[in-house]
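The paragraphs below take each sheet in turn.

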Amino acid sequence: MPELPEVETIKNELEPYVVGRNISGVTLFWEGMLRQPSVREFHSRLSGQGITGLKRRGKYLIFSLSSGDLLVIHLKMSGSLIVGKDSSEPPKYTRAIIRLDGGTSIFFSDPRKFGKIQLVKDKDDIVGKLGPEPLEADFTPEVLAQRLSKRKAPIKAILLDQGFVAGIGNMYADEALFSAGIHPLRPASSLSQDEVARLHSAIQQVLRSAITNKGASIVNYLRPDGTPGTAQFQFRVAHGRAKNCPVCGTPIAHIPIRGRGSYFCSKCQPEKV
Ligand SMILES: [Zn+2]
């Protein structure tokens with residue numbers, strides 16, 4: 001699933017193609033991806049609007065429109081936004097096409113059909129309950145410590161909670177916990193000050209490195225130009241890419257935590273400290 005680094009890459013690489021352009025029309029091949037408003041209202045409110053900005057919040061892409069409306073896209077499990085020409089053959093699994101003036105089209109490809117499109121007036125209807133952005137200045141080790149101190153659930157589950165911190169998913173949670181040497185089942189409130197500081201630094205480091213590498217292409221994620229990212233080659237435990245721990249050689253452990261497969265090294269990330 002695209003996480004913060006993948007969505008940030010898409011935002012960065014899509015921006016020059018869309019900001020300053022007008023939407024000439026949208027085709028929805030799979031109407032189930034539109035959550036609000038109705039299909040009819042969606043088309044009438046979107047057509048002819050200028051795109052004035054593109055931002056990311058958590059795993060959401062937010063297109064600002066000249067009408068004041070916001071077009072909000074979540075790629076969910078398998079979505080990609082691919083830039084092409086109106087005349088291009090749509091990529092496989094294209095569920096929607098956003099056509100822009102000047103002959104550019106954005107193809108929303110989504111094999112698993114979980115992706116969502118919404119058109120709203122107020123972004124807080126959708127992103128208002130998200131936790132802090134992990135790469136912003138207000139996400140400090142102190143803020144992380146204070147938020148963790150109230151939570152008893154396993155740290156892995158807490159990192160995946162978008163209301164706790166925005167944009168981290170299964171891959172980067174596993175990478176950050178490995179980097180910080182913290183077992184994924186540790187109760188969040190049990191982390192020492194030193195461990196919180198290590199985790200904070202690890203979260204920022206793994207996300208920044210993945211953005212530099214244009215996101216991780218494990219299954220479906222592609223950049224807007226249709227090419228894969230390379231962040232997966234930096235992974236040390238996520239997705240079980242390594243059979244053995246790259247630090248100590250112990251076989252990588254794999255357990256479900258709240259239904260999500262979690263990879264870690266039981267020696268570098270001891271459960272009892
Ligand atoms: Zn190890």
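Two strands are said to pair if DSSP finds at least two bridges between them. Helices (H or I, at least four residues) and strands (E, at least two) are DSSP runs, numbered from the N terminus. The model is a predicted one, in which local features need pLDDT of at least 70 and side-chain atom pairs count only at pLDDT 80 or more, while totals for chains, interfaces and linings use all residues. Residue numbers start from 1 along each chain as its sequence is written.

Strand β5 (residues 70–74) and strand β9 (residues 116–120) run antiparallel and are joined by five bridges. Within this pair, His74 stands opposite Lys116 in β9. Both strands belong to an open sheet of five strands with mixed pairing, in the order β2-β9-β5-β4-β3. Its edges are β2 (34–36) and β3 (51–57); each has a single partner strand, so one side of each is left without a neighbour in the sheet.

The other open sheet has four strands in the order β1-β7-β8-β6, and its pairing is antiparallel. Here β1 (23–28) and β6 (80–85) are the edge strands, each pairing on one side only. Five bridges join β1 to β7 (residues 94–100), and Val26 stands opposite Ile98 in β7.

Now the helices. Residues are in contact if their C-beta atoms, placed from the backbone, lie within 7 Å. Axes are lines fitted to C-alpha atoms, for helices over the stretch in contact, and angles run from 0 to 180 degrees between N-to-C directions. Helix α1 (residues 4–18) lies across β6, β7 and β8 (104–109), at about 30 degrees to β6. Helix α1 also lies across β3 and β4 (60–65), running at about 175 degrees to β3. Helix α2 (residues 39–46) lies across β2, β5 and β9, at about 65 degrees to β9.

Definitions and conventions:
Contact = placed C-beta atoms within 7 Å.
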